Amino acid sequence: VAAEKDGHKHFMHKEIWEQPRAVADTIRGRASLEQGDVTLDGMELPEDYAKGLERIVIVACGTSWHAGLSGRLMIETLARVPVEVELASEFRNRDPLVSEKVMCIAISQSGETADTLAAVKIAKARGAKAFSICNVVGSAISRECDGGTLFTRAGPEIGVASTKAFTTQLCGLYLLAVKLGRLRGALTAEKAREHLEALRLVPGWMESMIRQEAALMPIAKRCAAARDVLFLGRGGQFPVALEGALKLKEISYIHAEGYAAGEMKHGPIALIDEQMPVVVLATREPAYEKTLGNMEEVRARGGHVFAVVSEGDTHAASLAEVALTVPPAPPLLVPLLSIIPLQFLAYHVADLKGTDVDQPRNLAKSVTVE
Ligand code: G6P
């Protein structure tokens with residue numbers, strides 16, 4: 001087993017490091033710069049169908065649901081179609097409003113999650129066409145989707161806490177958003193080419209995130225001693241805050257909450273004291289000045305601010321005890337990068353605490369029962 005870890009102490013660590021390769025594999029053969037378009041092998045997306053779409057409903061659980069929240073922003077921005085993101089376990093237990101003009105997108109690493117599979121069946125029964133983004137070829141969800149599946153090609157993910165599956169899902173959603181944008185006439189070939197050129201730079205940018213691993217050890221030490229940790233993000237970084245918090249609680253058993261930065265004053269601010277680490281995603285998003293305001297509010301209450309900021313943003317960095325930097329990627333691609341330090345943070349906190357990183361208590365890699 002040690003050999004399979006390629007010298008890494010845990011599978012999760014190996015899988016974090018594999019992300020540049022995994023994302024390059026997701027993109028390979030699908031993004032054509034020459035044509036300014038995307039080819040999705042195995043997906044049926046006729047132009048008339050894409051143009052007539054009224055709405056997209058994304059269904060997923062856990063980390064895949066966080067990917068869906070990020071995907072909403074990508075699809076709404078690039079393809080100009082309204083997107084709803086539903087927890088599959090909620091969607092399946094009501095009478096959802098779905099029609100033939102709705103496209104259902106299921107996101108699932110394993111392709112076997114019972115709630116997500118049930119949600120797909122319900123959407124299909126109400127006339128929607130179902131697509132999926134899955135990692136496992138031949139899985140139940142991919143077989144159920146009549147519209148086809150975009151396989152993420154992340155390779156087997158052994159660690160229960162999902163890492164490379166998440167970033168490759170984001171990459172798949174971005175490809176799908178560009179494809180839908182082209183089909184619906186929301187993106188010119190030239191614009192699509194720009195988006196795809198940026199996507200091709202992601203693996204290299206991910207390498208620069210991985211190189212910062214050692215810099216976050218002071219944050220990991222502080223968080224390992226904490227009872228609660230708060231993660232804040234705004235806009236495209238809100239799903240990253242949710243995912244960062246989920247990673248930490250899953251493997252270190254520390255209570256962690258991801259919050260939309262603008263909601264801090266509506267609750268979590270009450271928890272902030274000298275013991276409280278707050279991890280802020282403060283890259284240059286729309287309204288990011290307000291996130292800087294959140295950092296100041298945390299500091300004023302004695303909280304410990306750790307931040308992920310845009311490269312060169314010395315002002316944002318000066319508001320944090322430790323700041324990690326993200327290269328100048330377009331905002332829609334920043335989540336693929338900013339999640340990496342949060343994955344490392346969860347990993348190192350768990351490792352410091354000596355918990356079972358790859359097999360956390362009570363959790364399963366794939367929840368196939370209800
Ligand atoms: C479990 C796993 C998570 C995963 C979720 C959804 O809770 O521990 O890592 O995000 O299921 O799984 P799926 O295979 O559908 O993406």
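In this predicted model, β6 and β7 are joined in the parallel sense over three bridges, and within this pairing I133 has L150 of β7 as its bridge partner. Both strands belong to an open sheet of five strands, ordered β4-β3-β5-β6-β7 with parallel pairing. Because β4 (83-87) and β7 (149-151) each have a single partner strand, they stand at the edges, and one side of each is left without a neighbour in the sheet. On average, and with direction ignored, neighbouring strands of this sheet are turned by 20° against each other.

| Helix | Strands involved | Angle between directions |
|---|---|---|
| α6 | β3, β5 and β6 | about 170° with β5 |
| α8 (residues 164-183) | β5, β6 and β7 | about 140° to β6 |

For helix α6 (residues 114-125), 12 residues at 1.5 Å a residue should span 16 Å, and the end C-alpha atoms are 17 Å apart, which agrees. Its buried residues are D115, T116, L117, A119, V120, I122 and A123, and they pack against β3 (55-60), α5 (88-91), β5 (102-108), β6 (129-134) and α7 (140-144). After α6 comes G127, which has a positive phi, near 105°.

Around the ligand there are 15 residues, of which G62, T63, S108, S110 and T113 come nearest. Helix α4 (residues 62-79) supplies the largest share of this shell, three residues, and by class the shell holds four nonpolar, 10 polar and one charged residues.

How values were computed: Residues are numbered from 1 along each chain as its sequence is written. This is a predicted model: local features need pLDDT of at least 70, side-chain atom pairs count only at pLDDT 80 or more; totals for chains, interfaces and linings use all residues. Helices (H or I, at least four residues) and strands (E, at least two) are DSSP runs, numbered from the N terminus. The expected span of a helix is 1.5 Å times one less than its number of residues. A residue is buried if 20 or more other C-beta atoms lie within 10 Å of its own, exposed if 12 or fewer, and partly exposed in between; C-beta atoms are placed from the backbone. Two residues are in contact if their C-beta atoms, placed from the backbone, lie within 7 Å. A residue is near a molecule or strand if its C-beta atom, placed from the backbone, lies within 6 Å of it. Ala, Val, Leu, Ile, Met, Phe, Trp, Tyr, Cys and Pro count as nonpolar, Asp, Glu, Lys and Arg as charged, and the others, Gly among them, as polar. Two strands pair if DSSP finds at least two bridges between them. Axes are lines fitted to C-alpha atoms, for helices over the stretch in contact, and angles run from 0 to 180 degrees between N-to-C directions.
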